[in-house]
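Please take a moment to look over the sequence and the 3D structure shown here before reading the briefing. The notes that follow go through it topic by topic.

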Amino acid sequence: MNEQDFIAQADRFLSGRMDSAERIAFERYCEENPPAAEQLATHRLFLQQLRQHADRAAFKRTLASAAERYHHPVIPATSVRREPILVTLWNRFKVNSLVAASVAIVAVFSTLWLSGYYKTIEKTTTNYSALRRDMNTVKKNVNAQNAVIRNINSEKQKGGQSEGHFGATGFIISPNGYVVTNYHVIKDADSVHLQNTKGESFRADVIYIDPTHDLAMLHISDSTFKTLKNTPYTFKEADSELGEDVYTIGFPRDEVVYGQGYLSSRTGYAGDTTAYQLSIPVNPGNSGGPVMDSRGQVIGIISGKQTGIDGASFAIKTEALLKSISAIPMDSLESRLTINRKNSLSGLKRTDQIKKIQDYVYLVKVY
Amino acid sequence: MSKLNRSVVPDADLKTVEGIALGNAAVLESLYHDYFPIVLNMVIQNNGTEEEAKDIFQEAVIVLYDKIRQGNFELSSKLKTYLYSVCRRLWLKQLGNQERAFQDVSSYEEVIPVEDDLAKHRETELQLSLMEQALDKLGEPCRTIIHDFYILNLSMQEICEKFGYTSADNAKNQKYKCLQRLKRLFFSTT
């Protein structure tokens with residue numbers, strides 16, 4: 001029996017495919033041939049190892065796949081959510097769009113800034129201008145004048161140095177020297193002087209301020225001041241109607257100036273119910289001037305105007321003025337504050353009314 | 001196939017052992033579910049990574065498999081304790097080999113001695129790696145013919161058809177040559 005045949009027989013023997021006769025023959029052959037028996041044993045061991053290897057390899061594969069399933073559980077395809085196309089696009093171009101957006105923002109705002117947009121906004125948001133007259137321009141003129149004067153007479157060098165900073169208007173509310181004007185006029189004032197149309201000047205004290213209504217009460221403390229006759233005008237507490245014909249006199253310059261217009265709105269700047277809007281030409285210096293209706297009643301006090309809008313001037317209502325007056329503590333008054341209830345202007349022509357009123361209207365100079 | 005200490009070992013463990021012996025994929029997966037987390041924890045706590053933990057665990061399961069396949073398997077403790085002990089031992093060894101900072105891997109888990117099993121495992125591993133090398137050198141189609149005949153127990157006729165030999169005798173000759181070559185390769189390396 002050659003080796004190949006023997007191995008073939010051994011394979012059949014080991015795999016149990018031999019029938020009993022063959023098996024006995026083969027076993028006998030091995031018993032008789034010790035080398036053959038040895039060969040059989042080796043072959044058996046070798047095959048065992050081969051089989052063990054194969055089993056183990058198979059086991060390792062199974063184990064690896066089990067590990068794979070455990071570590072990376074397979075998510076069923078149906079449960080994978082399909083992102084909408086928009087979301088996919090967004091995810092892809094997120095960064096690009098963010099960069100683009102920030103560039104756009106920078107570009108927009110820098111352009112706005114460069115083009116002075118914000119300055120315009122600032123201007124329009126603070127477009128209420130109080131109508132006190134800045135005297136600096138006047139001061140310049142006066143200084144120039146003084147220079148000329150100095151040349152003639154060097155004694156008066158210092159004249160005009162303490163010229164007023166602001167000018168405005170005020171009017172008598174009580175003949176014994178009580179005058180009303182705007183709070184913004186006398187704010188930060190060192191001293192206040194009143195000058196009437198005849199050119200007489202009196203010193204005045206601030207006795208009461210009402211910053212919320214922008215009102216201030218002055219009292220003429222000067223000894224040269226003589227108590228006047230009762231004011232020709234009265235104060236109208238009730239609201240006036242739209243379209244009411246109104247006029248004012250004030251001091252936008254050093255001379256008294258008449259202005260005429262009509263009541264255009266029942267509320268003031270930004271819906272302020274304590275003020276009227278008037279359509280009347282007013283200028284810096286008109287602040288504190290009385291607003292009269294055609295019957296010679298005071299219906300308000302000029303306080304300011306809206307810049308950039310034509311014919312939007314504002315006047316504080318008389319109602320607020322009267323409230324303010326009644327709020328003055330009694331002990332701060334030197335003498336009784338009496339408000340005239342008898343109107344002596346109602347029947348007069350406008351020019352006659354003005355003639356009578358102008359004695360009661362003062363140029364307020366603030367130093 | 002195994003004598004088991006029934007007082008200590010839960011029935012579930014016995015079923016698992018049988019499953020491992022048969023290479024049942026579901027059993028192996030449940031083995032991962034039940035025991036991998038504590039091994040992972042042990043490795044991570046002791047200077048290791050998740051990948052290393054996976055390798056360690058896989059090797060431990062193979063150790064268990066070898067032990068079961070040797071036929072004289074006697075599970076004297078819970079499967080969990082056994083696997084944990086093997087993993088711990090393997091991890092300590094790996095830390096030592098790599099001269100990595102050797103931290104205290106002692107844990108609050110119960111540990112049993114597994115040195116003998118590991119020694120046997122290493123021996124088996126060596127033997128089988130020799131077989132693997134021999135098979136690799138053998139190349140195709142010999143490797144497949146040997147596998148088909150001895151492992152899958154296909155008949156010569158089937159092999160003849162599969163590989164397109166003209167006759168079963170040809171196939172027999174070819175198989176014989178392959179086997180002889182494999183033996184030479186295997187015994188020359190041992």
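Predicted model: local features only at pLDDT ≥ 70, side-chain atom pairs only at ≥ 80, totals over all residues.

Helix α4 of chain A, which covers residues 85-114, should span 44 Å because it has 30 residues at 1.5 Å a residue, and the 40 Å between its end C-alpha atoms agrees with this expectation.

**Helix α4 of chain A**

- Is α4(A) buried or does it lie in the open? The number of buried residues among its 30 is 0, so α4(A) lies largely in the open.
- Just after α4(A) comes A:G116, a residue that takes a positive phi of about 75°.

**Two loop residues of chain A with positive phi**

- A:D188 is not a glycine, and yet it has a positive phi of about 65°; this residue lies in the loop between α7 (183-186) and β5 of chain A.
- A:D188 has 8 other C-beta atoms within 10 Å, and therefore it is exposed, since the cut-off for an exposed residue is 12 or fewer.
- A:D214 is likewise not a glycine and has a positive phi, here of about 60°, and its place is the loop between β6 (201-210) and β7 (215-220) of chain A.
- Is A:D214 buried or exposed? A:D214 is buried, because 26 other C-beta atoms lie within 10 Å, and a residue counts as buried at 20 or more.

- A:Q195 belongs to strand β5 of chain A, which is made up of residues 192-195.
- With 17 other C-beta atoms within 10 Å, A:Q195 is partly exposed, because this number falls between the cut-offs of 12 or fewer for exposed and 20 or more for buried.
- A:Q195 and A:Y362 are 167 residues apart in sequence, while in space their C-alpha atoms are 5.3 Å apart.
- Leaving aside residues up to four places away in sequence, A:Q195 touches A:E200, A:S201, A:Y362, A:L363 and A:K365.

**Chain B as a whole**

- Chain B has 8 helices and 0 strands, and its pattern, read along the sequence, is α-α-α-α-α-α-α-α.
- Of the 190 residues in chain B, 28% are buried.
- Among the contacts in chain B with a separation of 6 or more, 67% are between residues 24 or more positions apart.

**B:L40 in helix α2 of chain B**

- B:L40 is found in helix α2 of chain B, and it counts as partly exposed because it has 19 C-beta neighbours inside 10 Å.
- Not counting residues up to four places away in sequence, B:L40 touches B:E50 and B:A53.
- B:L40 and B:C87 are 47 residues apart along the chain, and their C-alpha atoms are separated by 9.7 Å.

**Where chain B meets chain A**

- How many residues of chain B are in contact with chain A? There are 24 of them, and they are in contact with 24 residues of chain A.
- On the side of chain B that touches chain A, at least two residues each are supplied by α2 (25-45), α3 (50-69), α5 (115-138), α6 (142-151) and α8 (168-189) of chain B.
- The largest share of that side, 6 residues, comes from α2(B).
- By type, the residues on the side of chain B that touches chain A divide into 13 nonpolar, 6 polar and 5 charged.

Note on methods. Residues numbered from 1 in each chain as written. Chains lettered and ligands numbered in written order. Helix = DSSP H or I, 4+ residues; strand = E, 2+ residues; numbered from the N terminus. Contact = placed C-beta atoms within 7 Å. Nonpolar A, V, L, I, M, F, W, Y, C, P; charged D, E, K, R; others polar. Expected span 1.5 Å × (residues − 1).
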